Amino acid sequence: MKKNGWILLLFLVLGLLAGALVARWLEPVSGISFLTKTIDSTWSPAVDLYVLSLDLNVHVQISLFSIIGALAAIWLYRKL
């Protein structure tokens, strides 16, 4: 399999998604709440040019499980 940037991006997205799903599933477990607690970040740039208006909203929720999933994805990518 040929390594390129798109494959790495795919691995990262899948790793972040897997980590987020694990964090959501384990959220009721009180002993690991520090791993499942999410940090919310929002970025919303806007441009109004009278003829054209552009609004973009980006909302990111990241937890330690998401970071672990991303690191595992990078490790798997390097093992290819």
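Colleague: In this predicted model, which residues in α3 do Ile7, Leu8, Phe11 and the other contacting residues in α1 meet?

Modeller: The axes of α1 and α3 come within 7 Å and cross at roughly 145°, and the crossing is right-handed. On the α1 side the contacts involve Ile7, Leu8, Phe11, Leu12, Gly15, Leu16, Gly19, Ala20, Val22 and Ala23. The residues they meet in α3 are Phe65, Ser66, Gly69, Ala70, Ala73, Ile74, Leu76 and Tyr77.

Colleague: What does α1 reach from one end C-alpha atom to the other, given the span that its 21 residues should have?

Modeller: At 1.5 Å a residue, the 21 residues of α1 should span 30 Å. The distance between its end C-alpha atoms agrees with that expectation, since it is 30 Å.

Colleague: Which residues of α1 are buried, and where around the helix do they fall?

Modeller: The buried residues of α1 are Ile7, Gly15, Gly19 and Ala23. Seen down the axis of α1, these buried residues fall within an arc of 140°, so they line one face of the helix. What covers them includes α2 and α3, while the face turned away from the buried side carries the exposed residues Trp6, Arg24 and Trp25. The buried residues are therefore Ile7, Gly15, Gly19 and Ala23, and their place is one face of α1.

Colleague: What length does α3 reach from its first C-alpha to its last?

Modeller: Helix α3 runs over residues 64–79 and so has 16 residues, for which 22 Å is expected at 1.5 Å a residue.

Colleague: What is the state of serine 63, buried or exposed, and what is serine 63 in contact with?

Modeller: Serine 63 lies in the loop between β4 and α3, and at 4% relative accessibility this residue counts as buried. Leaving aside its neighbours within four places in sequence, serine 63 is in contact with Ala23, Leu35, Thr36, Lys37 and Thr38.

Colleague: How many residues of strand β1 are buried, and which residue in β4 is the bridge partner of aspartate 40?

Modeller: Strand β1, residues 39–43, is hardly covered, and the count of buried residues among its five residues is zero. β1 and β4 pair in the antiparallel sense over five bridges. Within β4, the bridge partner of aspartate 40 is glutamine 61.

Colleague: How many Å in space separate serine 44 and leucine 56, C-alpha to C-alpha?

Modeller: Serine 44 is found in the loop between β1 and β2, where at 46% relative accessibility this residue counts as partly exposed. Leaving aside neighbours within four places in sequence, serine 44 is in contact with Leu56 and Asn57. Although serine 44 and leucine 56 are twelve residues apart in sequence, their C-alpha atoms are apart in space by 5.4 Å.

Colleague: What is the phi value of tyrosine 50?

Modeller: Tyrosine 50 has its place in the loop between β2 and β3, and at 81% relative accessibility this residue counts as exposed. Its phi is a positive value in a residue other than glycine, near 70°.

Colleague: What distance separates the C-alpha atoms of leucine 10 and alanine 73?

Modeller: Leucine 10 has its place in helix α1 and is partly exposed, with a relative accessible area of 45%. Leucine 10 and alanine 73 are 63 residues apart along the chain, and their C-alpha atoms are separated by 9.1 Å.

How values were computed:
Residues are numbered from 1 along each chain as its sequence is written. This is a predicted model: local features need pLDDT of at least 70, side-chain atom pairs count only at pLDDT 80 or more; totals for chains, interfaces and linings use all residues. Side-chain values use heavy atoms; hydrogens and water are left out. Helices (H or I, at least four residues) and strands (E, at least two) are DSSP runs, numbered from the N terminus. Buried means under 20% relative accessible area, exposed over 50%, partly exposed in between (1.4 Å probe, protein chains only). Two strands pair if DSSP finds at least two bridges between them. Axes are lines fitted to C-alpha atoms, for helices over the stretch in contact, and angles run from 0 to 180 degrees between N-to-C directions. A crossing is left-handed if the near helix is turned anticlockwise from the far one by less than a right angle, and right-handed if clockwise. Contact means heavy atoms within 4.5 Å. The arc is that of the directions from the helix axis to the C-beta atoms.
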